Amino acid sequence: MAGNPNVRLRLANRPENVLLVRQALNGLAETLRLDALELNDVTTAVTEACNNVVLHAYGGAEGPLEVELSAPAGSLDVLVRDRGIGIRPDATREEHSSGGIGLPVIHALAQQVELRNLDGGGTEVEMHFTTSSGRSLDVPGNDRRPSGAEPSDASPRVAALTVAPAPVAGSVLPRLLSALAARAYFPSDRIDDAQTLAETLLTRIDDSASADEHLTITIDVAPHNLELKLGPLESGRASTLLSSAGDAEDDAGLSPLLERLGVGHEVALAGAGAGAGETLAVRLADGGRRG
Amino acid sequence: MPTTATNPAKRSSNAPNYGALDNQRTLFERWQTHGESAAREALLERYLPLARSLARRYGRSSEPFEDLVQVASLGLLKAIDRFDAERGSPFQSFAVPTILGEMRRYFRDSGWAVHVPRGAQERALKVRDAQERILNERGESPTVNQLAEYVELGTEEVLDAMQAIRAYETVSLDAPRPGGEDESSSFGDWIGSDDERYELVELDATVASALGELPPRDRLVLRLRFVEDLTQTEIAEQIGISQMQVSRLLRRALEQLRTLTGAPTEATR
């Protein structure tokens, strides 16, 4: 895939995470106005590729499942990566039999498929889908975020999303968040709150984002709790988001919304050193409504 | 595992002398070279689960499931007719694209894409009604799982429906068609876990006998998942283990089945 992807997901290779990939795809497809039939093909193929990582890549153990989506004009490119065994790169369409029917399905649905071995272990499946959608996303430039710590893969509970340009998050994050909130047993009205929070947060970020900004959001899920972490952001940015954008008189920033929704928040340094930037963490509980 | 000699009596009376029934290549030869329709039927029967399984993939549409199965079966027939057994590649890798191609053609011809939003709208309405009803009955908003159970849809469909509700909140949706028995209600929970089905359908007819060799709990989990069509979560609740354990059990049981049936290693066919 040339250049940086528009959406990058880093997940654990758990079966339930394949749903997150599909939700991200659905969200992106909505933005691109992808034809339902085309989306169905993409979803089916990508699901197969992800299932392969879930079932076979780590020989029963856990490891990362990485998915990258790019939408240059007239196409949708999807890359599914593992750091384990993955699909045997020497497996051709005809020969591949041990990986189930996944690969034939992918070959049947994508216009172009490439399998690659990664140095140091792992496999990439790159799928190219031609779409009739007139919409496309800018190819993001190099990541100009502060050099803070990359989201860690330490906890399999954490889903990490990186998007560029930043507004792409608007099509992907709300869906991801709903799926994760559902997993955390949130009641549906609280899922609505989570979506409102995400949408508001992203709107405010869009207002202040530079064109080629990459935005990273990690979501930590535990039963009845979600923690959303944004960043690394430039130093001072998180506080600006929270308090006030300054121009509008009645704009008090995010704080009133956070308070109304009962959301805890915290600004922290993203790492050591001056250039590391900061993160904004917001914590949402299901409100204790379910005893 | 039964040997080939124990089976033929059960088979079609048109084929009294089917000593090599298990030999897939022989079946293809009998049909393609000698025009024995019984051999074709045997192949069709063997791979019908694959066609059904692929039809299921598209089953979230408003299209009646049985129609999709018909189309998939037609694709399967075409694949059986055209497959070149001499090339030594597995039949599935040829059949899957053929079946999917047939289904896509059908969808285009029948304007299926046009119907999809309608199905989505109906589901959104159903979910919204359920949300309100449960809130009224129980005094608290339902979780997604509770909603899924209530409207008999998968979690993912409920999530999509909720997204649609949010998007169309101000737009009035079409009135739902009354009383539709939703085919999709039994399609598993779509959390990426329906895909074990694929593994299962690949293991052809020998599965039934191999099942007997599995430990009772594995058998139970397989039965609940594939015969009673319960979701992993439901199975977990029923037998009192976690969903992840169910997932692992299923994976292991399928792996064992693979070994027991010798599938799909080519050398054993």
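At what angle do α1(A) and helix α4 (residues 169–183) of chain A pack, and how far apart are their axes?

Modeller: The model is a predicted one. In it, α1(A) and α4(A) pack at an angle of about 150 degrees, and their axes are 8 Å apart. The crossing in which α1(A) passes α4(A) is right-handed. On the side of α1(A), the contact is formed by Leu19(A), Leu20(A), Gln23(A), Ala24(A), Asn26(A), Gly27(A), Leu28(A), Glu30(A) and Thr31(A). On the side of α4(A), Ser171(A), Val172(A), Arg175(A), Leu176(A) and Ala179(A) take part. By class, the residues of this contact divide into seven nonpolar, five polar and two charged.

Helix α1(A), which covers residues 17–32, also packs with helix α2(A), residues 36–57. Here the angle is about 155 degrees and the axes are 10 Å apart. An angle over 145 degrees counts as roughly antiparallel, and α1(A) and α2(A) are therefore roughly antiparallel to each other. Once again the crossing is right-handed, with α1(A) passing α2(A). From α1(A), the residues that meet the partner helix are Val18(A), Val21(A), Arg22(A), Leu25(A) and Ala29(A). They meet Leu39(A), Val42(A), Thr43(A), Val46(A), Thr47(A), Cys50(A), Asn51(A) and Val54(A) of α2(A). This contact of α1(A) with α2(A) comprises nine nonpolar, three polar and one charged residues.

Several of these names return in the largest nonpolar core, which has 116 residues. The members that touch the most other members are Ala24(A), Val46(A), Cys50(A), Val172(A), Leu176(A) and Ile99(B). Of the elements that supply this core, α2(A) gives the largest share, ten residues. Ile99(B), which belongs to chain B, touches Ala51(B), Leu54(B), Ala72(B), Gly75(B), Leu76(B) and Ala79(B), leaving out residues up to four places away in sequence. A second, separate core has ten residues, among them Ala236(B), Val246(B), Leu250(B) and Ala253(B).

The setting of these helices is chain A, with seven helices and ten strands. Of its 291 residues, 49% are buried. Among contacts in chain A between residues at least 6 apart in sequence, 72% join residues at least 24 apart.

Pro165(A) is placed in the loop between β6 (158–163) and α4 of chain A, and the peptide bond from Ala164(A) to Pro165(A) is cis, with omega near -10 degrees. Another cis peptide bond runs from Gly231(A) to Pro232(A), with omega near 15 degrees; Pro232(A) lies in strand β8 (residues 225–233) of chain A.

In the loop between β7 (215–222) and β8 of chain A is His224(A). Although not a glycine, His224(A) has a positive phi of about 65 degrees. His224(A) is partly exposed, because 17 other C-beta atoms lie within 10 Å. Ala285(A), in strand β10 (residues 278–285) of chain A, is in contact with His224(A) and Asn225(A), leaving aside its neighbours within four places in sequence.

Technical notes:
Residues numbered from 1 in each chain as written. Chains lettered and ligands numbered in written order. Predicted model: local features only at pLDDT ≥ 70, side-chain atom pairs only at ≥ 80, totals over all residues. Helix = DSSP H or I, 4+ residues; strand = E, 2+ residues; numbered from the N terminus. Buried ≥ 20, exposed ≤ 12 C-beta atoms within 10 Å, placed from the backbone. Contact = placed C-beta atoms within 7 Å. Axes fitted to C-alpha atoms, helices over the stretch in contact; angles between N-to-C directions. Parallel < 35°, antiparallel > 145°, perpendicular 65-115°, else oblique. Left-handed = near helix turned anticlockwise from the far one by under 90°. Nonpolar A, V, L, I, M, F, W, Y, C, P; charged D, E, K, R; others polar. Core = buried A, V, L, I, M, F, W, Y, C linked by C-beta atoms within 7 Å.
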